[in-house]
Amino acid sequence: MKKITALIFLFILGSISAQDSGKNYYSFDANYFYGTIAEHNPDIAHLITGHPTGLILGFNKKSFGFEDWEKRYNYPDVGVSFTYQDMKNPSLGENYGLYAHMNFYLFKRNLMFRIGQGLAYASKPYHPDDNYKNNAYGSRLLSSTYLMANYKKENIFEGLGVQAGLSLIHYSNADFKSPNASTNTITFNLGVNYTLDHQNLPNYIPKGSKEKYTEPIHHNFALRSGVNTMGIIGSKQYPFLTFSAFADKVLNHKSTLQAGTEVFFSKAMQERIYYQSVAFPSGDTSGDEDSKRVGVFVGHQLNFNKLSVITHLGYYVYYPYEHFVDQLYNRIGLQRKITENLWVSLTVRSHYANAEAVELSIGYRL
């Protein structure tokens, strides 16, 4: 888990920061937040005993259109951020997070939307003897995502500005280690921002006329792998392998549509079938069920130069053992272009709010 979560953060940070050119301009922001843990799963109801508080600190690299992709997205910021959260529950303790993030702007740059992805450290994870009540975090290191929507005013006085809005902070280890009920914290945040070298900021380079761009249909082949558990506390970690084949159609510089099929091989599912047949001999599981799955999916790829955000929605058309996860699944994550034909990605495959696996993928585009 430690190696994979570190890889997730380095992958994101390296992919984002490598896309800027020209002189760099920076800003800082600091936010205090107060919120509540959403009861997305009744299994964590006993952990919601107070209103979490904490800090979100951000360091941003501003863009002014030195590259074409910056103009297409209304001159976003890229950066890194740190979070501290007191969960206000003795079993959950405190969490510390480190993220790579992007800030997008709307309504004359008065509304900022931020998405951050990285890893977090849980001070009090589950322990069978010392902390058995914490069924949200089965490991100290977690994958974490946070969203922020702020009204933001920059450079009100000598580079200083203010911001306020809402944030959502999610912690999960994507079933790397059980238990993994996860938490989602909804917060109100209030903060300040400061722009460095604010006297010498350049003007935004005009966007110009929209350029029509498309490509013919391409075919992709991908191999996805990682480890996960069979969803039972104390379960070992088992490897999985997924073979994907799909077609993509580039609509414009931003959007690419995808559709394809994939075959899933899961050692964790195989062990879960065996466990159910032995532990509950009078149940519905005989032990002879096939652990393989075949899925079909449609998806979208949102492109930022060499970095892309991937979203898939899939359905298992072959699913002989239906007691492991739901038949409908989704995938979300980041893809990085290595060469004209080769790409890598880091994604999370989930079933509604239940994350099954973090997938490390390598693919080839024809």
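This is a predicted model: local features need pLDDT of at least 70, side-chain atom pairs count only at pLDDT 80 or more; totals for chains, interfaces and linings use all residues.
I started with Glu359, which comes out buried at 0% relative accessibility. Buried here means under 20% relative accessible area, exposed means over 50%, and partly exposed is in between, with a 1.4 Å probe and protein chains only. Residues are numbered from 1 along each chain as its sequence is written, and side-chain values use heavy atoms, with hydrogens and water left out.

I placed Glu359 in strand S16 (residues 354–365). Strands (E, at least two residues) and helices (H or I, at least four) are DSSP runs, numbered from the N terminus. The side chain of Glu359 makes a polar contact of 2.7 Å with that of Arg331. For a polar contact I need a pair of N or O atoms within 3.5 Å; within protein, one must be able to donate a hydrogen and the other to accept it, and residues adjacent in sequence count only if both atoms are side-chain atoms.

**Lys152**

Next I looked up a lysine. Is Lys152 buried or exposed? Lys152 is buried, at a relative accessible area of 2%. I found Lys152 in strand S6 (residues 141–157), and its side chain has a polar contact of 3.0 Å with the side chain of Tyr105.

**Rings**

I then went through the aromatics and got 20 aromatic pairs in the structure. Rings of Phe, Tyr and Trp (its six-membered ring) pair if their centres lie within 6.5 Å; planes under 30 degrees apart count as stacked, over 60 as edge-to-face and the rest as tilted. One pair I noted is Tyr316 with Tyr329, stacked at 4.6 Å centre to centre with 25° between the planes. Tyr316 is in strand S13 (residues 307–318) and Tyr329 in strand S14 (residues 328–337), so this pair ties together parts 13 residues apart in sequence. Tyr316 is buried at 0% relative accessibility, and Tyr329 is buried too, with a relative accessible area of 1%.

I also wrote down one aromatic cluster, made of Tyr25, Phe64, Phe66, Tyr75 and Tyr204. Tyr75 came up again with Phe104: the two are 29 residues apart in sequence, and their C-alpha atoms are 7.5 Å apart in space. Phe104 belongs to strand S4 (residues 94–106) and is buried, with a relative accessible area of 19%.

**Charges over rings**

Which ring does the charged end of Lys254 sit over? That ring is Tyr73, with the charged end 4.8 Å from its centre. Arg293 lies over the face of Phe264, 5.5 Å from the ring centre. The test is NZ of Lys or CZ of Arg within 6 Å of the ring centre and within 35 degrees of the ring normal.

**Asp68**

I checked Asp68 in helix H2, and at 48% relative accessibility Asp68 counts as partly exposed. I also took its C-alpha distance to Thr183, which is 115 residues away along the chain, and got 38 Å.
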